[in-house]
Amino acid sequence: MRALRRPVGLVGVALLALVLFAAAFGPVLWGDRAAAVDTADLLAGPSAEHWIGTDNLGRDLFARVLVAARLSILLALAATAIGMVLGFLLGAAPMLLGRRLGRLITAAVNVLVAFPGLLLVLFFAVVFGVGARGAALAVGLAGAPAFARLCHTLIAGVSERDYVAAARIAGVGRVRMLWRHVLPNIAEPVIVYATMTAGAALLTFAGLSFLGLGVQAPDYDWGKLMQDGLNGIYVHPLAALGPGIAVVLAGLAFNLTGEAFAAGPRRTHVLPPAGPPSPATTPAATTVLSADDLRVTIPGPNGPIHAVRGVSLTVGDGEAVGVVGESGSGKSVTALAVAGLLEPPVRVEAGHLAVAGEDLLAPGASRRLGTALAVVFQDPMTSFNPAHRVGPQLAEVSRFHQGMGRRAAFARAVDRLRAVRIGDPARRARQYPFEFSGGMRQRAMIGMGLMGEPRLIVADEPTTALDVTVQRQVLDLLADVRRDTGAALLLISHDVSVVTDVCDRVLVMYAGRVVEELPAKDLRALARHPYTRALVAAVPDMETDLDRPLAVIPGLPVDPVEAPAGCAFAPRCPLADDHCRAVPPPLLDGVACHKAGEAQ
Amino acid sequence: MSTLTFHEVSVRYGTHTVLHEVSLEVPEGETVGLVGESGCGKSTLARAAVGLAPVTSGAILLDGRPVPTRGRRPVQMVFQDPYSSLDPRMTVGESIAEALPGRPARRERQQEIARLLALVHLDPGRAGDLPGQLSGGQRQRVALARALAARPQVILADEITSALDVSVQGAVLNLIRDMRRELGLSMLFISHDLAVVRYVADHLAVLHAGRIVEHGPAARVLGDPRHDYTRHLLASAHPLKEHT
């Protein structure tokens with residue numbers, strides 16, 4: 001019912017209620033008045049008694065328009081229902097009848113969709129003969145192919161989901177599958193489409209009746225009334241326009257309602273005004289990245305999400321710093337904020353946030369930052385534009401930031417691809433991203449970062465989507481790049497072993513805060529925060545004792561919408577007491593814990 | 001429980017051969033780990049066993065007879081992504097009930113659902129919850145309960161922990177080991193993570209480019225790898241040796 005909160009939805013639903021009311025009660029309330037013949041008042045114009053005049057038997061036209069609502073709406077709904085049921089069955093054919101027969105039906109539907117709808121309607125109207133029943137069948141059948149196409153696409157999307165495969169393995173039959181698994185999951189777009197179709201069907205009917213192919217006397221719908229009124233349009237325009245306006249209003253009612261539901265579920269919450277700003281501080285001189293009291297707030301469906309809640313971090317020149325944490329810990333959002341990639345409505349606040357000497361909180365910083373910053377994302381499948389060749393995408397960096405010519409920039413792109421150890425770089429630069437393997441794409445992405453002279457590389461889960469053997473190559477490459485260029489590295493990962501392998505220093509994040517900061521070599525043996533210890537213990541490695549159960553962290557991660565008052569880890573921590581639950585521990589001497597270092 | 005045998009199974013899509021005459025046995029009551037990199041055909045092998053991938057040649061046998069690929073399968077599968085393997089519009093209880101054999105009476109059905117949820121260490125009171133109300137680890141347990149509901153003879157676990165956070169992964173792996181001990185499950189456990197496979201598997205098979213390149217007791221394959229590719233995999237999984 002969220003659609004009702006928007007003005008479009010409200011108007012649509014109100015109109016629809018009016019139209020449906022007229023359809024339900026019109027003949028009861030105004031039936032007698034619409035049938036009353038008054039030979040003394042034939043073809044009269046508008047008056048106080050007859051608002052839009054009378055017809056050639058002196059019957060009140062306004063009452064007739066109201067009474068005609070029932071037949072008009074019923075016919076439109078009947079035609080929509082016929083089209084939907086038939087369309088759904090045709091669209092579900094591949095699922096119900098198996099692959100081969102389904103493919104045949106789908107092909108037939110595709111051919112039918114190519115026919116103009118009106119042509120089909122006229123064709124069927126002639127086949128079924130003139131009259132209300134024939135018209136309903138004609139409009140319904142003509143609408144079926146388009147609906148079948150929609151259903152086919154939606155059903156194909158749902159049948160690829162694992163839960164459909166799981167149900168098949170569990171022995172669920174085809175009809176039950178369609179009824180229990182497919183229909184509920186495609187219902188939303190189908191209902192929206194049906195509402196819109198009902199509006200269109202209404203218009204088509206009015207057209208058919210107007211042409212004399214639809215409702216026949218003595219029955220009448222809005223189209224028939226328009227046709228009757230047309231003869232006197234120059235004398236009494238309202239006689240034809242009245243039913244026309246009714247068609248427009250009813251059509252609008254259906255379409256606006258559908259429109260509102262189609263755009264319905266997306267709800268945006270505006271963030272409450274910012275609290276007092278963190279006191280402005282200045283970054284230390286020798287750092288390439290310095291952030292003080294970084295806070296990131298994201299508008300969410302259930303209120304603001306405090307993704308990062310006061311993180312301070314520095315990365316010195318040439319240093320490699322890792323950030324580890326589970327999903328929802330705020331590590332990726334921190335990386336995005338540091339890379340200057342967060343935009344309103346996401347709110348970024350900090351005492352200071354400086355990369356390579358540029359203040360990222362000031363406007364236009366990312367442009368000035370230029371190529372001093374390189375970013376590598378998790379998914380190498382989506383970080384390149386699939387429609388452009390790889391070389392020119394790399395070259396674009398130098399053309400934009402360093403003002404190089406096309407040829408020079410391309411030559412540098414080839415050189416950089418060679419630098420990230422892509423074989424035959426001149427040929428590879430002319431290929432599209434899909435011709436690269438995942439590991440190669442990730443290396444090309446690092447190559448893109450090397451088009452300039454990066455002082456900091458931000459890598460967000462750069463190896464998570466890659467195979468173990470390829471992970472190794474990418475991590476080695478990052479190490480080589482650091483050695484060759486002296487760039488610093490901020491490496492975000494959920495994988496403790498990746499971070500300890502590559503980094504000098506590690507920050508452990510939990511619920512938007514840094515809970516521990518320590519040298520990477522101490523992570524496994526000398527961690528003092530209970531969360532860090534649990535995280536390290538929970539990951540099996542090649543030396544894990546096979547006779548004991550794995551260590552687990554009980555409970556669930558914190559919901560970032562509800563930031564807890566005390567230590568966020570307290571509900572899952574074996575050492576927590578009332579003090580922990582009430583007072584948030586500050587990050588002191590590299591660890592944010594009231595019980596730091598205590599035995600569990 | 002029974003023995004699942006892949007006998008020279010090939011799977012071909014058009015001209016692209018995904019599996020080349022793969023032979024593998026999952027013995028009664030044991031867990032066989034299957035490792036390999038993405039695209040090597042691990043998932044296809046599992047999907048072929050339940051009729052989700054077409055077998056071009058060869059046979060998949062359960063105790064010597066072909067595995068049925070219609071109706072309720074005696075071989076059940078747990079999928080990688082717990083966010084897509086449960087119908088978002090069906091409650092946990094309904095999803096599990098669907099896999100129950102026969103048409104048990106309402107009371108019986110509820111008892112069975114409660115028993116299965118308890119078996120995977122979930123509160124039976126959650127039977128009325130929709131998947132959206134559960135965390136990833138909880139969903140994966142429901143998926144496991146659904147697979148068990150069909151009274152399977154063999155379970156195929158396809159990368160069941162790779163979409164989970166590390167803190168949750170441990171709980172699911174412990175559960176898998178408990179199940180094997182308590183129920184004597186035969187299982188094919190597919191993963192790209194050697195450390196994870198090492199923790200749950202008795203036997204280990206290494207799949208590379210659609211072929212099994214090495215197969216044997218897990219301790220032997222990991223301790224004394226004979227194929228170059230296995231050695232390569234092991235070397236990649238040991239990046240930390242020099243640091244710890």
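Residues are called buried when their relative accessible area is under 20%, exposed when it is over 50% and partly exposed in between (1.4 Å probe, protein chains only). The structure is a predicted model, in which local features need pLDDT of at least 70 and side-chain atom pairs count only at pLDDT 80 or more, while totals for chains, interfaces and linings use all residues. Residues are numbered from 1 along each chain as its sequence is written, chains are lettered from A and ligands numbered from 1 in the order in which they are written, and side-chain values use heavy atoms, with hydrogens and water left out.

Helices (H or I, at least four residues) and strands (E, at least two) are DSSP runs numbered from the N terminus. Helix α7 of chain A spans residues 162-169, and seven of its eight residues are buried, so this helix is largely enclosed by the rest of the structure. The buried residues of α7(A) are D162(A), Y163(A), V164(A), A165(A), A166(A), A167(A) and I169(A). After α7(A) comes G171(A), which has a positive phi near 90°.

Two packed helices are described by the angle between their axes and the distance between the axes. Axes are lines fitted to C-alpha atoms, for helices over the stretch in contact, and angles run from 0 to 180 degrees between N-to-C directions. In chain A, the axes of helix α9 (residues 222-230) and helix α10 (residues 237-262) come within 7 Å and cross at roughly 155°. The helices α9(A) and α10(A) are therefore roughly antiparallel to each other, a term for angles over 145 degrees, with those under 35 counted as roughly parallel, 65 to 115 as roughly perpendicular and the rest as oblique. Contact means heavy atoms within 4.5 Å. On the α9(A) side, W222(A), L225(A), M226(A), G229(A) and L230(A) meet A239(A), A240(A), P243(A), G244(A), A246(A), V247(A) and A250(A) of α10(A).

In chain A, E319(A) is located in the loop between β2 (305-316) and β3 (320-324). E319(A) has 18% relative accessibility and counts as buried. Beyond its neighbours within four places in sequence, E319(A) is in contact with T314(A), R482(A), A488(A), L489(A), D504(A) and R505(A).

In chain B, A149(B) belongs to helix α4 (residues 136-149). With 0% relative accessibility, A149(B) counts as buried. Residues up to four places away in sequence aside, A149(B) touches I96(B), A99(B), L100(B), P101(B) and L116(B). The C-alpha atoms of A149(B) and E25(B) are separated by 24 Å, the two residues being 124 residues apart along the chain.
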